[in-house]
Amino acid sequence: MVSIDAAQLSTRELNIKLNALVEDNQDVKIINPRARHNVVVGILKKCQITVEGSLGYYCASLLDGPTVCIEGNSGWALGENLMNGVIRLSKDAGASVGASMRGGEIFVGRNAGARAGISMKGGTLIIKGNAGFLTGFMMQKGTIIVCGDVGDAVGDSMYEGVIYVGGKITSLGNDAKIANPTQTELSVIDKKLKKNNIAGSYKFKKIISEKKLYHFDKLERLEKSAI
Amino acid sequence: MVRRTSQIFSPWVIQDIHAKSDLGRYRIRGFSSFQDVTHFDDLTFLSTGLTRFPLEGYKEQCNTQTVIGSLNAKNPLILDTPIYITGMSYGALSVNAKTALGKAASLVGTASCTGDGGMLPSERKASNKLIYQVLPSRYGFNPHHLKKAQAIEIVVGQGAKPGTGGMLMGIKVLDNISEMRDLPKGIDQRSPARHPDWLGPDDLAMKIEQLREATNWTVPIHVKLGACRVSDDVKLAAKAGADAIVVDSMLAGTGASSEILLDHSGIPTVPAIVLAREALREIGLNGKVHLIASGGIRSGADAAKALALGADAVAIGLSALIALNCNREIPGSNFMKEMGVPAGECSHCHTGKCPVGIATQDENLTKRLDPDEGAERVANFLNAMTMEMSLLTRSLGKGDVHSLEPEDLAALTIEASAMAQVPLVGTNKIFGQS
């Protein structure tokens, strides 16, 4: 594994070095990231990247393939638009973690801010602690597992996908409803938690779309004749 | 004067109230605003006489090459004409329409743009210079496609429906569209209005840096605004680091919008350009951050006037679709029978039953549009517009369309004088100036 000390590097210099090492099929460790934004962005191949320290906005975003382990906290939109790969964050995530992710897995070791999994289109987002308001807002596909509590309006305007909550639900969002998870679903959750070294017995509630917002319920004369 | 019918409750208003009382929801349609507002027809060029010499149309060159996004990008967009094709989604438009637009752009050396719903492979193949939109919905957004784009456009809003997201009725959300957008088949899609990963201008600056890092600082990043609070929005977008700003006016077209937004939000193109130009000038970025105007641009005259007012380029949408045969009877079509209105009065793109194969996902209707023939028509139209611009520019004694300036224009109405900040014809007075 090759180390990059980011302390004296600009974001541009850091990403250029990182991309060159990844192209050379090296595993990379970044030290002293100093919570900067836009680190580990747009990497589209399998590789192993470790970050020792906290990161800012949009870190580990627009990825397809890498495994990124971050020992620290992250700012907004960690793992944004992840196509495939794994992101493991040891501490807290800011707002919009996993925004529009389409595949892969994101694990948050502590709590996540507002709008976790917003516009999610696939993959799995696991939050060991609590998640903020509008978790799963306008979610389209994929799975969110929150072991702790969720804030207001969970699952608001979600299309498809599933949110599992192990703790307290402050309130459901518009067009979201609570359903009973099946045994098969619970065993899948259990496996995913064990894989991420989460022990404990949770009574997961399942949140899905009520699908009442899918259609305008009326058409006007011209639309009726045309459609 | 006493009218024979009510000015306030006109036949159209009565019909509108009846329709909404039947429906219980807002009305939806496509096309463009039906508001009667000040536009480029209210301005005229002051061509040469004895004070300047015209250039000869047959002998002397008029430059139309346009560079967009040279502030930060290693590879700015270099276009052979200052006119390109704006973002319109695969979903709102058929595969043949999107492919034709991409081919047309390549034929004349300009760019086309993806729109909501992702990058269509046939459009990518057809278009040599493709602008990839980053929309609030992120439908079909893919970093692999991002890296293949020649420019990136972050969409904050669009002129036809500022402050809201896109709309695609269920009849168009068929297999391929639902798959590309990760949406359930057949839903009436109402796209998000806010981006999932950023909210304000401070966040936008970081988002722009993210896209630059992901594309190695090679391509320009545009920010598209629905023209409303233009002055402040343009300053904020420029300070956030945009290479170019697209100001999309209330006259811009759409495949589907609530009618109330189409007709009752945003400002016209003429004042939008002037406000944007002055905003960039105030912060010292005029000419550095490029300005692109869109909304209701129908001819080379409109485009030339937009450049004279301060735009660096213009983008066309609805005009390109009309060039593709929108609202024209073609072999196989019957607008009255299929749409309930004659060709020329159709604004029913949202129904998905476009009789000329443009705004549809119906396989049989799509076949009515041949992409090669369509591309040729749009390329012809773009060439005609560019020639019109050159003709006007030469008549003003100038050899570069980018040399057009407000001093070349006069206003035909007091309103146009105030909005364009040029003198009213026959006077030296610019209305609205103290």
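**Two chains, question by question**

Guide: In this predicted model, 59% of the 227 residues of chain A count as buried.

Visitor: Which pattern of helices and strands does chain A follow along the sequence?

Guide: Chain A contains 3 helices and 11 strands.

Visitor: What radius of gyration does chain A have, and what would a compact globule have?

Guide: The C-alpha trace of chain A spans about 65 × 50 × 25 Å along its principal axes. A compact globule with 227 residues would have a radius of gyration near 17 Å, and this agrees with the value for chain A, which is 19 Å.

Visitor: What share of the contacts in chain A with a separation of 6 or more comes from residues 24 or more positions apart?

Guide: Chain A exposes about 9,100 Å², of which carbon and sulfur atoms supply 48%. Turning from surface to contacts, and counting those with a separation of 6 or more, residues 24 or more positions apart account for 24%.

Visitor: Which residue in β2(A) does A:S3 stand opposite?

Guide: Strand β1 (residues 2-5) of chain A runs parallel to β2(A), and 4 bridges join them. Within this pairing, the residue of β2(A) that stands opposite A:S3 is A:K29.

Visitor: Where does A:Y58 lie, and is A:Y58 buried or exposed?

Guide: Most residues other than glycine have a negative phi. A:Y58, although not a glycine, has a positive phi of about 55 degrees, and A:Y58 lies in the loop between β3 (48-52) and β4 (64-71) of chain A. Because residues under 20% relative accessible area count as buried, A:Y58 is placed in that class by its value of 0%.

Visitor: What is the phi of A:S96, and what is the relative accessible area of A:S96?

Guide: A:S96 is found in the loop between β5 (84-89) and β6 (102-108) of chain A. The phi of A:S96 is positive, at about 60 degrees, although A:S96 is not a glycine. A:S96 is also buried, with a relative accessible area of 0%.

Visitor: How many disulfides does the structure hold, and why is A:C147 too far for a bond?

Guide: Over all chains the number of disulfides is 0. A:C47 is in no disulfide, the nearest cysteine sulfur being that of A:C69, 11 Å away, and A:C47 is buried with a relative accessible area of 12%. A:C147 is buried as well, with a relative accessible area of 3%. A disulfide needs two cysteine sulfur atoms within 2.5 Å, and the sulfur of A:C147 is too far for a bond because its distance from the closest cysteine sulfur, in A:C69, is 18 Å.

Visitor: Which strands stand at the edges of the open sheet in chain B?

Guide: The open sheet of chain B is formed by 8 strands in the order β5-β15-β14-β12-β11-β8-β7-β6, with parallel pairing. Two of these strands each have a single partner strand, so one side of each is left without a neighbour in the sheet, and they are β5 (83-85) and β6 (112-113).

Visitor: What is the bridge partner of B:V247 in β14(B)?

Guide: Strand β12 (residues 244-248) of chain B pairs with strand β14 (residues 290-294) of chain B in the parallel sense, over 5 bridges. In β14(B), the bridge partner of B:V247 is B:A293.

Visitor: What radius of gyration does chain B have?

Guide: Chain B comes to 15 helices and 16 strands. The globule rule gives 22 Å for 434 residues, and chain B is as compact as a globular protein of that length because its radius of gyration is close to this, at 21 Å.

Visitor: How many residues do domain 1 and domain 2 of chain B each bring to the contact?

Guide: Chain B is divided into domain 1 (46-324 + 369-403) and domain 2 (406-434), and their centres, taken over C-alpha atoms, are separated by 28 Å. To the contact, domain 1 of chain B brings 12 residues and domain 2 of chain B brings 8 residues.

Key:
Residues are numbered from 1 along each chain as its sequence is written. Chains are lettered from A and ligands numbered from 1 in the order in which they are written. This is a predicted model: local features need pLDDT of at least 70, side-chain atom pairs count only at pLDDT 80 or more; totals for chains, interfaces and linings use all residues. Side-chain values use heavy atoms; hydrogens and water are left out. Buried means under 20% relative accessible area, exposed over 50%, partly exposed in between (1.4 Å probe, protein chains only). Two strands pair if DSSP finds at least two bridges between them. Helices (H or I, at least four residues) and strands (E, at least two) are DSSP runs, numbered from the N terminus. The radius of gyration is taken over C-alpha atoms; the globule rule is 2.2 Å times the number of residues to the power 0.38. Domain bounds come from an automatic or database domain assignment. Contact means heavy atoms within 4.5 Å. Accessible areas come from the Shrake-Rupley method with a 1.4 Å probe; for residues, only the protein chains shown count as cover.
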